[in-house]
Protein chains: 2
Amino acid sequence: MIKEIREHRSIRRYRPDAVPQEVMEEILRAATRASTVGNMQLYSIVVTTARGLLDELASLHLNQPAAATAPAILTFCADIHRFSRWCELRGAEPGYDNFCWFMNGATDALLASQNAALEAEAHGLGICYLGTTLYNAGEIAGVLGLPHGVLPVMALSMGYPETVPPLTDRLPLEAVVHYDTYEDYTPERLDALWHERETSEETQCLLAENGLPNLARIFTERRYAKGDNVAFSRKYFDELVRQGFFNQ
Amino acid sequence: MIKEIREHRSIRRYRPDAVPQEVMEEILRAATRASTVGNMQLYSIVVTTARGLLDELASLHLNQPAAATAPAILTFCADIHRFSRWCELRGAEPGYDNFCWFMNGATDALLASQNAALEAEAHGLGICYLGTTLYNAGEIAGVLGLPHGVLPVMALSMGYPETVPPLTDRLPLEAVVHYDTYEDYTPERLDALWHERETSEETQCLLAENGLPNLARIFTERRYAKGDNVAFSRKYFDELVRQGFFNQ
């Protein structure tokens with residue numbers, strides 16, 4: 001397996017050393033080699049390294065150490081703005097301010113981000129995907145000065161790891177893979193797929209700490225509760241509409 | 001740069017040879033090593049190799065040779081179904097049937113797909129991202145037997161390349177990268193960024209073939225016209241709602 005894929009783990013605490021500019025450029029060049037819909041490159045990457053801006057971003061990423069200690073944050077955005085301006089400049093009518101092209105831009109951005117993540121790791125750097133990007137996308141857009149037609153879909157924090165944690169476990173491969181058609185999950189199969197994780201020492205510690213009877217309730221009550229999920233969904237979708245990705 | 005990233009190109013015509021099962025499993029294992037929101041693995045990968053199903057999928061991918069000649073198509077889906085069933089089985093109330101968790105599932109699926117693409121290339125295989133997945137996601141869901149809570153976001157065709165085309169050009173790096181904040185594009189800057197592509201021999205041939213005065217109009221009138229974009233946007237978003245990703 002490609003070494004960087006096999007050894008990937010999220011790094012949640014970084015040393016303060018900056019990412020050298022020539023390394024950053026190689027990472028960004030790697031990002032642009034990913035497939036992109038129609039070779040239209042419907043994304044932008046905003047590379048933030050200035051301390052004041054990093055602090056503002058870290059706060060919008062809920063001050064998690066993976067953001068707060070990072071010397072660089074790369075914000076990957078769906079961007080129909082650049083392509084549409086180019087079309088207008090050429091007397092062509094752009095028609096990309098709709099949901100399919102949000103999806104295309106988000107896809108471009110995410111494929112580019114994964115190339116960037118792996119290339120960063122090839123240079124001894126660590127990364128962490130910041131899912132909090134969805135929670136405060138509008139505020140992040142404000143900090144980064146994004147125009148109409150540009151929406152953050154993901155951010156990567158990046159830097160030299162302070163510590164390298166062990167690999168994270170995954171469900172057995174057969175949990176996520178289906179051959180030819182989707183094989184639905186019986187209760188017995190779900191029990192078997194989650195067995196190792198549910199009986200691990202780590203999970204037992206979590207249950208004791210949280211005073212909850214099982215791992216699923218840690219997810220639904222502590223980590224990602226329905227009320228928050230709905231509130232953030234409305235907020236992100238409103239921002240998507242406001243940024244011009246839903247004229248349909 | 002990581003070799004597979006540097007040398008990636010889309011392969012649009014494959015030899016008929018099957019992908020050996022042990023190679024496929026290594027590719028799928030690579031996919032699962034990508035970051036995933038909260039380690040929840042909110043995606044499924046449906047691996048299609050049966051001829052009849054491949055033909056049905058190829059037709060839904062508009063019979064492009066990249067789909068029609070492929071011995072394998074991997075459909076990457078946002079999947080809140082498996083995780084939600086597990087929660088219910090444990091007496092936990094899942095709250096993932098909303099837009100944020102569509103985004104999280106789509107992100108998981110797309111990061112996994114990029115790992116799969118690179119790992120496939122490391123084994124001498126070629127891949128092509130099938131953006132047509134968005135056009136007929138509901139019909140694809142029907143062919144693959146996807147339950148409520150599972151929605152295709154992307155597919156990869158995969159096989160041994162019949163021919164290997166040259167690398168595709170990209171806009172200059174500064175077209176997609178911004179440092180610290182977004183630097184908006186002046187007409188002069190857009191001219192400069194697109195200059196090489198607009199003046200290339202390939203573009204001149206395209207203009208002559210299409211009887212159009214510039215490359216932008218090939219995109220807006222021939223490749224991705226507004227009316228189609230709007231129609232596919234409505235269709236995909238309707239499917240997203242129907243599959244239970246917009247209860248908010």
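**Briefing: the contact between chain A and chain B**

Val177(A) stands opposite Ile45(B), a residue of S1(B). This pairing belongs to a predicted model, in which strand S5 (residues 177-179) of chain A and strand S1 (residues 43-48) of chain B run in the parallel sense and are joined over three bridges. The contact between the chains draws on 114 residues from chain A and 115 residues from chain B.

**Extent of the interface**

- Between them, chain A and chain B bury about 10,400 Å².
- Carbon and sulfur atoms account for 62% of that buried area.

**Polar contacts and the chain A side**

- Across the interface of chain A and chain B, 71 residue pairs are in polar contact, both residues being at pLDDT 80 or more.
- On the side of chain A that touches chain B, helix H6 (residues 99-122) of chain A gives the most, with 15 residues.
- The residues on this side of chain A comprise 61 nonpolar, 31 polar and 22 charged.

**Salt bridges between the chains**

- Six salt bridges are counted between chain A and chain B.
- Arg90(A) forms a salt bridge with Asp191(B), and the closest N and O atoms of this pair are 2.8 Å apart.

**Symmetry of the two copies**

- Chain A is superposed on chain B by a rotation of 180°, with 0.0 Å of shift along the axis and an RMSD of 0.0 Å.
- The two copies are thus related as by a two-fold rotation axis.
- Of the interface residues of chain A, 100% are also interface residues in chain B, so the copies meet through the same surface.

**Salt bridges over all chains**

- Over all chains, the count comes to 29 salt bridges.
- Within chain A, Glu25(A) forms a salt bridge with Arg29(A), with the closest N and O atoms 3.6 Å apart.
- Both Glu25(A) and Arg29(A) lie in helix H2 (residues 21-32) of chain A, where they are four residues apart, about one turn of the helix.

Key
Residues numbered from 1 in each chain as written. Chains lettered and ligands numbered in written order. Predicted model: local features only at pLDDT ≥ 70, side-chain atom pairs only at ≥ 80, totals over all residues. Heavy atoms only, no water. Contact = heavy atoms within 4.5 Å. Buried area = accessible area lost by both parts, 1.4 Å probe. Salt bridge = Lys/Arg side-chain N within 4 Å of Asp/Glu carboxyl O. Polar contact = N/O pair within 3.5 Å; in protein donor to acceptor, adjacent residues only side chain to side chain. Helix = DSSP H or I, 4+ residues; strand = E, 2+ residues; numbered from the N terminus. Nonpolar A, V, L, I, M, F, W, Y, C, P; charged D, E, K, R; others polar. Pairing = 2+ DSSP bridges. Least-squares fit on C-alpha atoms with pLDDT ≥ 70 in both.
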